[in-house]
Amino acid sequence: MTGTGIFAAPPAGVSRIASEEEASALALRLLKPGRRWPVVVLTIAGGHDEPFGDAEEIKAAVGDLAEVVLMPTSGISWAFSDVMPDLTQVYGGAGRVYPVDHDWVNIPSRSRLRFAYSPQDRRRVTDLLINDALEAAMAAGLVEARTSPNVHQRSGTVQGVIGSRALVTLDDGTPATVWEELTVPGVPLERVVAKGQAVTGLYDPVSRRLDLRGALRYTDGASAEAAVVSAYQAGDLVLADVAAVADDMVSLRLLPGLAVDVDRDAVTSNPNDTLRGLFSLGEVVVCRVTTLEPLRLRLDDVDDDELPEPAPGLLPDGPSWLRLPDPELEPPAVPEVPRPAVALRPPAAPVVAPRRPTPLDLARKGAVPASRAAAPRPVDGAAVERERARVTELTNELAAEQATRRALAEELTRLRDRAADLEDELATATQKVERLQSRYRNADLARQRAVRQLKAAQSRIEQPQIGDSPAFADPEEQFRYEVYCEWARRVPAGDKDEKPLADYVLAPGFLQSVEEVAGISRAKVVAVVVEVLTGQVRHLPGRDAHQLRAGAAGSPYVTRSDGATCWRVALQRESAAARRLHYWRTRDGFEFSRVVLHDDYRP
């Protein structure tokens, strides 16, 4: 056995665990801090001589970046399990990669358990364990440290993408491969390269890997944000994928390394919605850029007939890294899942030490020890009866053991069938949930659009015709008249005593700013003025009412010598250069100062 010792580098071949002592030693080594490479542990299912995965192919793929160990499912694997923490064991034909860091000890999902149920799973489980091992090696910084000194820059053309590998023909005809694990973590390779694409990277002639990381366009959050600001404008529809989701927040990734948190208010107006019920991790969605500095997104004003901007490519001339799924295509049929060999802990076979032949055994065989042939001795009847009783006892124990094994085999078959059925049901349910989430979001967006259109229509019908035939010659009297009419229309009769119009004045230049600032209707300004005067603005999140600061965050608030404080309220939220209303809160009431663009912070 070569898998339990301490090495300067991982063993060159696949190691085999042959005893319980070696299994325990392997577990202790995995748990000891300071290990320098990941360890792939692939188990052999009970009743089989070889694993379902291809250990030799795994070792050939990871080379000296990881160690590969084979372990049978028997008392050996249970000795391993006894030492390992709960939920970090492996047996029954499954495989697992143990990273260098020890986060997996407390968070077992950091060391993913890869099940294999039959030889038909060979390709799948082999690829998964290779991927996991290379990701662990990348995280440990071993790829750079172990790179062959013979690597050099080469160019070629992508011939195709197969799973997590891309086939490349270099300019001199040499074949090479691009490995998904050596590109962008968490991004499928088909989003990084495409057939026919010209690529350039570092070629390792030993492994024939072509490393494209040096050509990646966005290597950190700063470069990704700069690319987004350069490529998009406020108001653009863009693609993002779901990086994280909570009940009241969803994190959308515009580029790897650049995620934007979006609050629930920017997704849905339905108070019964939770974002966990609307989004799935990894799902690609359409959203709108509302501002670039700071970068903010919304999802509640996306029209079905609007097309999003193409997502950037992660490599020069590469494919868009995000694409919407084709709504016309039905989800693929769930493949028949092989009946899993559920990893139950089999009972250990009883170990019975050889016993010496009894007189009864000899009598049955018709044999007599040579030493006694010349002088036969009388048979001890009591001893014979004791031996007969012992034989009967052992026979009963054997029958009970066989019955237990048959019962366990039947239970194992039932569990395999149930596990397969559950996997089928889970895959089907997951597809249904994703389709329903998408349909619900589309329906909710349609509802919100209808509500906005209805409000706009009502406003056009009920609002006095401003500008066509003014009721007053004096502009200020006309504006006050419009404010009063809006208040009378908007506040129900029974609420008018509780929501009266507060006293207010119009600062010099206010009415001029209302006329000069384009992109916002006078009726909208009047409506927001009423919200301010009645105090409603404090309860409307979309208005974002807050005191104006003299500079960046942390600067003092803007005040006047008479003690008045300057406030800022949103007239718009989803458009470029969104308009704002500035007003002073005085001891006697309100003084409306100006209508301004978003980036104008003068009082």
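**A sheet and a helix**

Trainee: What is the bridge partner of Arg16 in β3?
Mentor: In this predicted model, Arg16 has Leu70 of β3 as its bridge partner.

Trainee: How many bridges join β1 to β3, and do they run parallel or antiparallel?
Mentor: Two bridges join β1 to β3, residues 67-72, and these strands run parallel.

Trainee: Which helix packs on the sheet, touching β3 and β4?
Mentor: That is α3, residues 75-83. The direction of α3 makes about 120° with that of β3.

Trainee: What is the order of the strands in this sheet?
Mentor: The sheet is open and has five strands, in the order β1-β3-β2-β4-β5, with mixed pairing. Its edge strands are β1 (15-16) and β5 (113-114), each of which pairs on one side only.

Trainee: Which strands does α5 lie across?
Mentor: Helix α5, residues 122-139, lies across β2, β4 and β5. It runs at about 5° to β4.

Trainee: Changing topic: is α13 mostly covered or mostly uncovered?
Mentor: Mostly covered, for eleven of its 13 residues are buried. Among them are Arg522, Val525 and Glu531.

Trainee: And what do the buried residues of α13 pack against?
Mentor: They pack against helices α11 and α12 and strands β16, β18, β19 and β20.

Trainee: Why does the distance between the ends of α13 agree with its 13 residues?
Mentor: At 1.5 Å a residue, α13 should span 18 Å, and its end C-alpha atoms are 19 Å apart, so the two agree.

Notes
Residues numbered from 1 in each chain as written. Predicted model: local features only at pLDDT ≥ 70, side-chain atom pairs only at ≥ 80, totals over all residues. Heavy atoms only, no water. Helix = DSSP H or I, 4+ residues; strand = E, 2+ residues; numbered from the N terminus. Expected span 1.5 Å × (residues − 1). Buried < 20%, exposed > 50% of the residue type's maximum accessible area, 1.4 Å probe, protein only. Contact = heavy atoms within 4.5 Å. Pairing = 2+ DSSP bridges. Axes fitted to C-alpha atoms, helices over the stretch in contact; angles between N-to-C directions.
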